[in-house]
Amino acid sequence: TLASVLTEGVRNTIGDSRVKVTYEPEYVPAVPPAMPDIPLEQLAAMIKATVRVEVLDGNMAYLKIQHIIGEEMAQKVGPLLLEYIWDKILPTSAMILDFRSAISGEISGIPYIVSYYTDAEPQIHIDSVYDRTLDITTELWSMPTLLGKRYGTSKPLIILTSKNTLGVAEDVAYCLQNLKRATIVGENTAGGTVKIDKIRVGDTDFYVSVPSAKSINPITGKSWEIYGVAPDVSVTAEDALDTAIAIIQLRAE
């Protein structure tokens, strides 16, 4: 009860809904595990469980992503991604990226996704991420070389969002939106952050979860954090896919 009251008080004071106070007597800080030596068959199963891909009528690619993998994982599973996903949708004439259930991801995965929808040259400054704890700003740029072919810059790309779209997925959507490469269809996103740290309060069992990094878009000079990414076409999350299909069909006509 006290944690709930503190959360409400802090959020009202600083106007940041991402900050949260919790009481967790059994909390054990998570240590990021080293990349396990997983057989390719298991990796393929994991990919199929978190990614849904199909080619819709009208030669439209539909790709649903729930977690945006980072650089290390992308390098390891790259051939599998090409075989099970990318090679199937590369020949399509339009693509729908479904981020409505995307709630997690790695910052290092942002350039990977964005680069597949941009040209190899010239390189584009995609995003800047300021780490508060290290006082360092890291610039994210499009990648000149990729595993497999690029989807290109001319074919229609629509990203589906919901009020639950959170964190790194919001960053990808915001980057592609401001590069004028993608149309966002759906709901205003959650307004999360690219990184959250959980800090223990003294010797108590109370913890404060706070954003420890900030995304600053080089085109707008602003961040999508707190306020979320506003869609270009605002519809309910349930109607987003049908609306995206209709938009692509209209453009084709």
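How many positive and negative side chains does the chain have, and how far apart do the centres of the two sets lie? There are 22 positive and 32 negative side chains, and the two centres are 3 Å apart. The legends below refer to a predicted model.

**Figure 1. Overview of the predicted chain.** The secondary structure consists of 6 helices and 14 strands. With a radius of gyration of 19 Å, close to the 18 Å that the globule rule gives for 253 residues, the chain is as compact as a globular protein of that length. The C-alpha trace spans about 60 × 45 × 35 Å along its principal axes. Of the 253 residues, 45% are buried. Among contacts between residues at least 6 apart in sequence, 75% join residues at least 24 apart. The accessible surface is about 13300 Å², and carbon and sulfur atoms account for 56% of that area.

**Figure 2. The largest nonpolar core.** This core has 46 residues, and those with the most contacts inside it are Trp-86, Met-95, Leu-97, Phe-99 and Tyr-117. Elements that give two or more residues to the core include the helices α2 (40–50), α3 (71–89), α4 (110–115) and α5, along with the strands β3 (60–65), β5 (94–98), β7 (125–131) and β9 (157–161). Apart from this core lies another, of 13 residues, among them Ile-96, Leu-160, Ile-245 and Ile-248. In soluble globular proteins, nonpolar side chains tend to be buried together.

**Figure 3. Surroundings of Trp-86.** Leaving out residues up to four places away in sequence, Trp-86 touches Leu-81, Met-95, Tyr-116, Tyr-117, Lys-149, Arg-150 and Tyr-151. Two of these partners, Met-95 and Tyr-117, are also listed with Trp-86 among the residues with the most contacts inside the largest nonpolar core.

Figure 4. Just after the helix, Lys-180 takes a positive phi of about 60°.

**Figure 5. Arg-200 in strand β11.** Strand β11 runs over residues 196–200 and contains Arg-200. The relative accessible area of Arg-200 is 44%, so this residue counts as partly exposed, the class between under 20% and over 50%. Arg-200 touches Asp-205, Phe-206 and Tyr-207, not counting residues up to four places away in sequence. From C-alpha to C-alpha, Arg-200 and Leu-82 are 42 Å apart in space, and 118 residues separate them in sequence.

Terms used:
Residues are numbered from 1 along each chain as its sequence is written. This is a predicted model: local features need pLDDT of at least 70, side-chain atom pairs count only at pLDDT 80 or more; totals for chains, interfaces and linings use all residues. Side-chain values use heavy atoms; hydrogens and water are left out. Helices (H or I, at least four residues) and strands (E, at least two) are DSSP runs, numbered from the N terminus. A nonpolar core is a set of buried Ala, Val, Leu, Ile, Met, Phe, Trp, Tyr and Cys residues joined through side-chain atoms within 4.5 Å. Buried means under 20% relative accessible area, exposed over 50%, partly exposed in between (1.4 Å probe, protein chains only). Contact means heavy atoms within 4.5 Å. The radius of gyration is taken over C-alpha atoms; the globule rule is 2.2 Å times the number of residues to the power 0.38. Accessible areas come from the Shrake-Rupley method with a 1.4 Å probe; for residues, only the protein chains shown count as cover. Lys and Arg count as positive and Asp and Glu as negative; His and the chain ends are not counted. The place of a charge is taken as NZ of Lys, CZ of Arg, CG of Asp or CD of Glu.
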